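Subject: Handover of a structure and the findings on it

Dear colleague,

I am passing on to you the structure shown below, together with an account of what was found in it. Please read the account with the structure open beside you.

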Amino acid sequence: MPVSDDVVRYEVDGAIAPVTMNRPEYGNAQNSAMTYALDDAFYRAAAADDVAVVVLAGAGQHFSAGHDIGTPGRDIGTSFDRRAGLWWDHVGKPGAQRRFAREQEVYLGMCRRWRELPKPVIAQVHGACIAGGLMLAWVCDLIVAADDAYFADPVVRMGIPGVEYFAHPWVMGPRQAKEFLFLGERISAERAYELGMIYRVVPSGRLADEVTEMATKISAMPRLGLALTKKAVNQAEDAMGLQVGMDSVFGLHHLAHAHNAEVGSDSLAGHDARSMRDERRRDEQASK
Ligand code: ZN
């Protein structure tokens with residue numbers, strides 16, 4: 001399927017390339033059309049000589065509600081031109097093979113590819129940043145959040161040990177990661193800042209301006225210096241076990257998907273966006 005550009009907006013504003021997820025009616029839930037359009041936008045920004053810094057944002061009320069697990073545009077049965085790795089097309093494959101090939105490509109593979117974009121990328125986060133939304137924020141170098149932003153990875157509710165790009169213990173520390181995952185609750189931007197997961201919290205009305213100011217300052221630095229510095233920190237993070245840890249957890253993630261499919265009706269333990277929301281609300285009521 002060809003890549004559509006309406007689900008992601010790519011712009012150039014001086015030395016800054018704002019990349020905006022654009023499914024506001026669904027909280028920017030990521031379907032594969034969006035993933036491939038993001039990949040196009042990042043590739044374009046990486047290749048453009050006049051672009052020094054990339055900003056990733058979400059249109060509408062939220063940064064990202066996560067992976068698309070229930071909008072009319074959910075496209076898990078659609079083939080795209082694969083590019084994150086050499087895994088074969090998942091469409092038409094049986095059982096775990098289908099899920100593993102697909103998630104290697106559109107989730108883990110894409111996120112890793114984007115993390116390596118040799119220019120600084122700033123996540124401009126407001127509203128929800130849930131589950132798959134965390135993956136997008138985490139592959140960015142800096143996360144600047146509005147004070148109304150909130151973060152959660154509730155997929156343990158599905159019996160799954162966190163989202164596919166399992167960076168939790170590295171972006172917030174192992175014990176904090178356990179609390180974050182075991183409880184599956186929303187945490188505020190302020191709390192995410194305390195955990196070291198985000199770089200700065202700003203008043204929501206100032207979010208875009210603060211990010212632009214920061215991006216403009218960064219863009220004055222030498223291009224190669226920025227690229228090498230980014231790589232230096234990423235390599236240090238890898239030396240702390242990020243890549244190898246993530247690979248090992250991807251196996252557990254797929255064990256959980258397969259278990260769900262084996263004992264129930266689907267790999268998400270029968271959950272969709274609505275049931276996840278209902279269970280969260282019920283738990284919030286119960287804990288009051
Ligand atoms: Zn998965």
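Leaving aside residues up to four places away in sequence, Trp138 touches Ile143, Tyr165, Ala167, His168, Val171, Met172 and Met197, where contact means heavy atoms within 4.5 Å. Trp138 is found in helix α3, residues 132-139. Its relative accessibility is 8%, so Trp138 counts as buried; buried means under 20% relative accessible area, exposed over 50%, and partly exposed in between, with a 1.4 Å probe and protein chains only. Between Trp138 and Asp50 there are 25 Å in space, C-alpha to C-alpha, and the two are 88 residues apart in sequence.

Please note that this is a predicted model, in which local features need pLDDT of at least 70 and side-chain atom pairs count only at pLDDT 80 or more, while totals for chains, interfaces and linings use all residues. Residues are numbered from 1 along each chain as its sequence is written, and side-chain values use heavy atoms, with hydrogens and water left out. Helices (H or I, at least four residues) and strands (E, at least two) are DSSP runs, numbered from the N terminus.

The zinc site

The zinc ion is coordinated at 2.1 to 2.3 Å by Glu103 (OE), Glu103 (OE), Glu164 (OE), His253 (NE2) and His257 (NE2). Donors here are N, O and S atoms within 2.8 Å of the metal (3.2 Å for Na, K and Ca); water is not among the atoms, so sites may look incomplete. The spacing of the donor residues in sequence is E-x60-E-x88-H-x3-H. His253 and His257 both lie in helix α9 (residues 242-263), and because they are four residues apart, about one helical turn separates them. His253 is buried, with a relative accessible area of 4%, and His257 also counts as buried, at 2% relative accessibility.

Strands of a sheet pair through backbone hydrogen bonds, either parallel or antiparallel. Two strands are taken to pair if DSSP finds at least two bridges between them. Strand β1 (residues 8-10) pairs with β2 in the antiparallel sense over three bridges, and Tyr10 has Val19 in β2 as its bridge partner. The two strands form a hairpin with five residues between them, and Gly14 in the turn has a positive phi of about 65°.

Strand β2 (residues 16-21) has five of its six residues buried. Its pairing with strand β3 (residues 53-58) is parallel and runs over six bridges. The chain crosses from β2 to β3 through helix α1 (residues 32-47), and this β-α-β crossover is right-handed. A crossover is given that hand if, with the strands pointing away from the viewer, the path from the first strand over the helix to the second runs clockwise. Within this pair of strands, Val19 has Leu56 in β3 as its bridge partner, and Met21 stands opposite Gly58.

Together β3, α2 and β4 make a right-handed β-α-β unit.

The sheet of β5, β7 and β8

An open sheet of three strands has the order β5-β7-β8, with mixed pairing. Its edge strands are β5 (128-130) and β8 (187-188), each of which pairs on one side only. Strand β7 (residues 150-152) pairs with β8 in the antiparallel sense over two bridges, and the bridge partner of Tyr150 in β8 is Ser188.

Helix α8

Helix α8 (residues 223-239) has 17 residues, which at 1.5 Å a residue should span 24 Å; its end C-alpha atoms are 24 Å apart, which agrees. The expected span is 1.5 Å times one less than the number of residues. Its buried residues are Leu226, Ala227, Lys230 and Asn234. Seen down the axis of α8, these fall within an arc of 95°, so they line one face of the helix; the arc is that of the directions from the helix axis to the C-beta atoms. Their cover includes α2 (95-115), β4 (121-125) and α7 (207-219). The face turned away from the buried side carries the exposed residues Leu224 and Ala239. Just after α8, Gly241 takes a positive phi of about 95°.

With kind regards
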